[in-house]
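Visitor: Hey, I've got this one open on my screen. Could you walk me through a few bits of it?

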Amino acid sequence: MAEIRTEALSHVYSAGTPFERTAIEAVSLAIPQGQFVGVIGHTGSGKSTFIQHLNALLLPSGGRVLSGGEDINRDKKSRRDIKWKVGLVFQYPEYQLFEETVYADIAFGPKNMELSPEEVDQRVREAAGFVGVESLFERSPLELSGGQKRRIAIAGVIAMRPEVLVLDEPTAGLDPEGCGQIMENIKNYREQTGATVVIVSHDMDGAAALTERLLVFNEGRLAMDGTPEEIFSRPEELLAMGLAVPRPTAIALALKERGLELDGPVYTRPQLKAAILRAWRAREGRAGTC
Amino acid sequence: MDGIIQFEKVHYKYPEDERESLRGLDLSIREGSFTAVLGRNGSGKSTLAKHMNAILTPTEGRVLVGGVDTADESKLLDVRRQVGMVFQNPDNQIVANVVEDDVAFAPENLGVEPGEIRRRVDAALKQVGMYEHRLHAPHLLSGGQKQRVAIAGVIAMEPRIIVLDEPTAMLDPQGRREVLSTVLRLRREKGMTVVWITHHMDECIHADRLLIMDQGQIAEDGTPAEIFSRVERMKELGLDVPETTGLLYELRQEGLDLPLDALETEACAEAIAQLLR
Amino acid sequence: MLKDITLGQYFPGDTVVHRLDPRTKILVVVFYIVAIFSAKGWPGYALSVLALAGCVAVSKIRPKSLFKGLKPMILILTLTAALNLFYTQGRPILPGWIITWEGIARAVKMVLRIMLLVTSTFLLTYTTSPMALTDGLELLLGPLKKLHFPVHETTIMMSMALRFIPTLIEETDRIMSAQRARGADFESGGLVKRAKALIPILVPLIVSAVNRAYDLATAMESRCYHGGEGRTRMKQLRFQTADFAALGLGAVFLALVLILRKLGL
């Protein structure tokens with residue numbers, strides 16, 4: 001178990017052609033083992049490029065990515081081994097399913113790791129357990145619902161038992177029920193294995209409620225890095241980058257405009273509710289003494 | 001009173017399914033209205049949408065669009081030119097390699113005269129704010145832009161109704177805002193009838209009517225304010241309520257005297273501010 | 001790497017070449033192809049190269065992007081060169097060598113011929129929007145309708161295919177990355193292992209293409225598509241002066257090459 005660190009990481013697409021585009025620039029940060037990190041930023045901010053560097057899917061144009069102090073892009077072997085340590089779930093991962101059965105699809109990763117058949121079997125069952133799809137083992141992935149496919153695809157990555165689980169928009173396109181289920185599965189995996197989780201999300205409310213740390217990307221740079229409390233106490237900066245703030249924060253801001261300043265950080269509903277109740281009780285108390 | 005779209009005891013079963021996707025559905029949509037349809041995955045809301053322009057026709061019952069039965073094959077084009085459809089995946093509904101050629105597709109199919117097509121295409125692209133991109137290749141546009149092109153492609157047909165089947169499900173928040181505000185503007189400026197299908201609660205608050213689909217039937221029908229204020233019922237249906245309603249509901253349970261129908265952020269803040277002032 | 005495939009790409013522009021009627025361009029390319037397959041001696045080839053270079057210059061398409069289009073052809077070009085180089089009878093360049101002067105000449109000519117063929121068609125697709133291209137083809141093939149050849153269906157299928165090439169390329173890239181993240185290895189192993197490694201890419205790609213086709217058919221139907229009957233076009237094709245000039249030049253060029261051939265040049 002070790003931390004992931006990037007040092008002055010940058011990436012340029014189509015270098016040397018007219019289509020040259022710098023996607024990320026000078027990103028330096030360290031993610032300690034076990035942290036729950038949210039990555040936010042609008043489309044084209046570089047966040048997707050950033051996460052593809054965490055398991056050496058992309059080769060840095062500049063800078064380094066280190067895992068436990070070692071450069072993950074050292075050689076061909078290290079670039080392959082890091083895939084087992086850092087599991088990456090792409091956006092709409094259900095599009096990667098290809099095997100005839102759910103079981104075989106989840107087993108694809110562990111088989112690539114060249115584990116013994118018993119070990120592969122154990123991992124497939126364990127991963128399926130995390131997302132609750134054991135009853136679907138013999139079914140064809142193609143005939144399942146969108147939410148089920150999504151969870152199977154996530155199981156396919158979890159089956160490699162990554163120490164770091166990176167997910168790009170894991171709830172995109174799902175209904176509220178489906179979203180809730182997936183987030184619950186991810187939380188479980190983290191709690192039971194102590195894995196680091198890095199999650200890219202447009203959903204500010206979810207990012208605010210679940211994560212311990214937020215990385216905000218803007219125009220290829222790491223614009224903000226802090227706890228949700230720190231980040232969301234600067235809503236004006238987020239709005240200036242064209243990002244939304246969590247809806248409870250938006251309500252708090254609208255209250256502030258009306259001369260009602262709430263105390264304490266407000267980025268989840270329980271916080272907002274508590275703050276309003278405090279303000280109400282204070283007022284009631286005043287009214288009572290009059 | 002007859003609506004511009006009329007469902008009469010509509011049943012529908014996909015050939016490969018055992019259960020019916022629509023189970024005896026009655027519905028009348030008034031001309032000029034903005035109806036939002038909400039429901040979890042598999043509730044039948046997409047099937048409902050596909051009945052509105054004869055992509056699907058009922059296995060039982062009937063659907064009338066502007067008085068025309070959608071099952072009448074000889075009137076197929078009459079139905080479809082009245083009802084424009086926008087679908088979920090922006091990539092899979094753009095047929096041409098150049099934005100303006102795509103927008104011209106429907107009027108070309110209808111045999112509209114070339115000069116008139118040009119006029120409609122330019123007008124439609126201006127209405128969705130994509131005129132400057134008319135010569136671009138669609139695959140280089142953002143998701144929100146692609147959906148706006150799809151909307152332009154539909155309005156170039158000059159339909160009376162526009163049906164959008166989860167048009168924002170695959171978009172980022174910015175794209176979502178773009179598409180919603182485009183549709184709201186079209187409604188304001190052209191008085192079009194809009195049917196907006198979604199699973200995002202927040203997108204429904206602008207509608208003047210909200211339908212909740214559940215198991216192939218309409219489970220709730222009313223204004224967004226009426227329906228969202230029934231928080232318990234919404235949870236029962238596997239849906240959520242907008243953040244504003246959720247907050248107001250929880251505060252009411254603590255004994256605060258707040259209305260549940262303040263759906264927009266500003267209205268919600270105003271209600272709370274009034275109480276605390 | 002997949003993004004380097006430039007087949008069917010259109011570079012919008014506003015030159016005479018861009019503005020020509022697609023039918024003109026298709027016909028001129030046909031003339032050109034007949035010409036390069038008729039050319040025999042060096043003067044004929046030189047004339048062909050010059051003619052193409054002239055068109056490229058007028059079109060303002062960067063030669064670099066045309067050469068990029070040739071990249072996937074390297075294998076075929078090398079093979080053609082090698083076969084001609086080693087299997088042509090004649091005078092050895094050095095006593096006892098298998099390579100002959102005739103072989104060298106033939107190899108150069110054959111490679112040149114393929115390059116000109118590919119480059120000229122690329123110039124056509126680079127300067128003509130696929131929509132215009134298929135419209136042009138549909139009109140040119142129009143007479144075949146009398147023979148019950150499905151002209152409209154064929155051309156609309158072609159234009160759809162062109163429309164979805166970039167989308168499918170992007171999709172392939174995404175699926176490859178996703179499978180690589182699950183430890184798939186596309187680079188090592190023998191031929192059989194590599195071919196097997198393609199399954200996790202091909203299956204999802206085909207599934208997705210089928211789904212897209214289904215969605216697209218629905219979208220087209222709801223936009224009142226019902227075949228070619230009664231269909232009009234926003235962009236009417238009309239021959240302009242420039243078109244007659246271009247066709248004239250094309251015909252003169254072809255005639256010159258044929259005359260050179262007659263003269264054995």
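This is a predicted model: local features need pLDDT of at least 70, side-chain atom pairs count only at pLDDT 80 or more; totals for chains, interfaces and linings use all residues.

Visitor: OK, how many residues of chain B are in contact with chain C?

Guide: 33 residues of chain B, and they meet 28 residues of chain C. Contact here is C-beta atoms, placed from the backbone, within 7 Å.

Visitor: Which elements of chain B give two or more residues to that side?

Guide: Helix H2 (76-82), helix H3 (99-109) and helix H4 (114-127) of chain B. The largest share, six residues, comes from H3(B). Helices are DSSP runs of H or I with at least four residues, strands are runs of E with at least two, and both are numbered from the N terminus.

Visitor: Switching to chain A. What's the strand order in the open sheet?

Guide: E6-E7-E8-E3-E9-E10, six strands with mixed pairing. Two strands pair if DSSP finds at least two bridges between them.

Visitor: And which strands stand at the edges?

Guide: E6 (86-89) and E10 (221-226) of chain A; each has a single partner strand, so one side of each is left without a neighbour in the sheet.

Visitor: In what sense do E6(A) and E7(A) pair?

Guide: Parallel, over four bridges, with E7 of chain A covering residues 164-168. One bridge partner to look for is A:Leu165 in E7(A), which goes with A:Gly87.

Visitor: Back to chain B. How do E1 and E4 run?

Guide: Antiparallel: five bridges join E1 (residues 5-12) to E4 (residues 60-65) in chain B. B:Glu8 stands opposite B:Arg62 there. E4(B) also forms a hairpin with E5(B), with two residues between them, and B:Gly66 in the turn has a positive phi of about 55 degrees.

Visitor: Last one, C:Gly103. Buried or exposed?

Guide: C:Gly103 is buried, because it has 23 C-beta neighbours inside 10 Å. The cut-off for buried is 20 or more other C-beta atoms within 10 Å of the residue's own, against 12 or fewer for exposed and in between for partly exposed.

Visitor: So what does C:Gly103 touch?

Guide: Leaving out residues up to four places away in sequence, C:Gly103 touches C:Asn84, C:Leu85, C:Phe86, C:Thr88 and C:Gly90. C:Thr88 is 15 residues from C:Gly103 in sequence, yet the two are 4.8 Å apart, C-alpha to C-alpha.

Terms used: Residues are numbered from 1 along each chain as its sequence is written. Chains are lettered from A and ligands numbered from 1 in the order in which they are written. Two residues are in contact if their C-beta atoms, placed from the backbone, lie within 7 Å.
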